[in-house]
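Please read them with the structure open.

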Amino acid sequence: MKNLPSAHSTGLHGSLAVPGDKSISHRAIMIGAISQGTTTIHHFLKGNDCLSTLQAFRDLGVKIDMVNDEIVVHGTGFGGLQAPTHPLDMGNSGTTTRLMMGILAGSNFSTSLTGDQSLESRPMKRVSEPLKSFGGEVQLSPKGTLPATVIGHPLHGTHYQMKVASAQVKSALIFAALQAAEPSTIVEKLPTRDHTEIMLRQFGADIQTSGKTITVTPGAPLVGQEITVPGDMSSAAFFLVAAAIVPHSKVTLTGVNLNPTRTGILTVLKKMGAQLEITPLDGPGEPQGDITIATSTLKPIELGAEDVPAVIDELPLVALLAACANGRSRITGAQELRVKETDRIKTVVAELRKLGVAVTELPDGMVIDGRPDWDIQDSHLDSYGDHRLGMMDAIAALKSPQSLQLQNAAAVAVSYPTFFDDLTKLLGQN
Ligand code: S3P
């Protein structure tokens, strides 16, 4: 049980560069591995999820060095991946699992994938079904989950209309399409994060995007690159929200990725009336900038399905913002939350109720009756093993005059191993 710090009378102050983006760190290893030559990755996120990806590619025979905080991937191309001698451990990482299924679909060997208890309960048919239309084969448990076996086959081009709005599924299909004998088109249900498309183009792939349609023409050689991973918006979001809700605060988050498929939390903060200043930074690669935010009086918000993809990982924080706003907020069209690391509708509702917030669970979201001051009901918060829940709890605790504790705090290392150190810096306790 971890004692959580409070900042209700002091606030958060100062400037912080958050760790590298989780989605981009995964992709840098993966795309480096399937390319020819060397890929050097700066500002790689050494969170447990990305380390699962790193280890999985080592197990597939890819040489990956860690030199002075840099990762160097010695790419083998798709054809150079080797059958592993044991099942690949995906840990807690849905991104590793789903993207890996697409990468291995065109191999000439079979690979078994396992994961932790949370990952082994998450749906995988959303990848295995569409891969069939490329000629791919992934065997799942009877429940449609891990453990899985990817049985490699020669793949063919296809046209696929996606049934879920998921960047993980889209990315798996793009990786399969790159190995197919003909071009493919993939049509998204809603636009989702496009880091795979952007990075693959940088490595030389022929990928065209027009609205929600992505056309992949295989055959262009992929060549290793130098990648600097921008700061993770999903990690910055914890401190943006902290500064907005904790009195006497003003913080700046530097070098944060501003890819528009990821900035839903900034849109939400602006709509809720937060005092926010964004300074774009020049440079190669994905857009980046510095974000300054100060304590704000918040208005309630309504979010629907179209808003969800750009804020999917920040919805627990949106719920927390709503809990601090004056009035009723409503989040709908967010049923995907039920199949994240935990059922994040259930777990967020449970945690907010402990804080004394009136919240109603909906099948696809929640209704939150917020108010600036809470009447804490239960001081024992729980991450339920879900990194983003643990960090949401820690941010909520900053506002509480009463001391709160967190069960299963170690889960934060999945995406943000230095979260509590960075929080301490902004609390001025360093
Ligand atoms: C991710 C996509 C999102 C997100 C996850 C990372 C990615 O999942 O929730 O944390 O890196 O592609 P879905 O695409 O399944 O919604």
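1. The model is predicted. In it, helix α11 (residues 387–398) and helix α12 (residues 419–426) have axes that come within 12 Å of each other and cross at roughly 20°.

2. How do α11 and α12 run relative to each other? An angle under 35 degrees counts as roughly parallel, and α11 and α12 are therefore roughly parallel to each other. The crossing of α11 past α12 is right-handed.

3. Which residues make this contact? From α11 come Met391, Ala394, Ile395 and Leu398, and they meet Phe419, Phe420 and Leu423 of α12. Sorted by class, the contact of α11 with α12 has seven nonpolar residues, with no polar and no charged ones.

4. Next, the domains. The domain assignment divides the protein chain into domain 1, with residues 2–20 + 230–426, and domain 2, with residues 22–216. Taken over C-alpha atoms, the centres of domain 1 and domain 2 are 28 Å apart. Domain 1 puts 26 residues into the contact, and domain 2 puts in 24 residues.

5. The size of an interface is often given as the accessible area lost when the parts come together. Between domain 1 and domain 2 the buried area is about 2,100 Å², and carbon and sulfur atoms give 51% of it.

Notes. Residues numbered from 1 in each chain as written. Predicted model: local features only at pLDDT ≥ 70, side-chain atom pairs only at ≥ 80, totals over all residues. Heavy atoms only, no water. Axes fitted to C-alpha atoms, helices over the stretch in contact; angles between N-to-C directions. Helix = DSSP H or I, 4+ residues; strand = E, 2+ residues; numbered from the N terminus. Parallel < 35°, antiparallel > 145°, perpendicular 65-115°, else oblique. Left-handed = near helix turned anticlockwise from the far one by under 90°. Contact = heavy atoms within 4.5 Å. Nonpolar A, V, L, I, M, F, W, Y, C, P; charged D, E, K, R; others polar. Domains from an automatic or database assignment. Buried area = accessible area lost by both parts, 1.4 Å probe.
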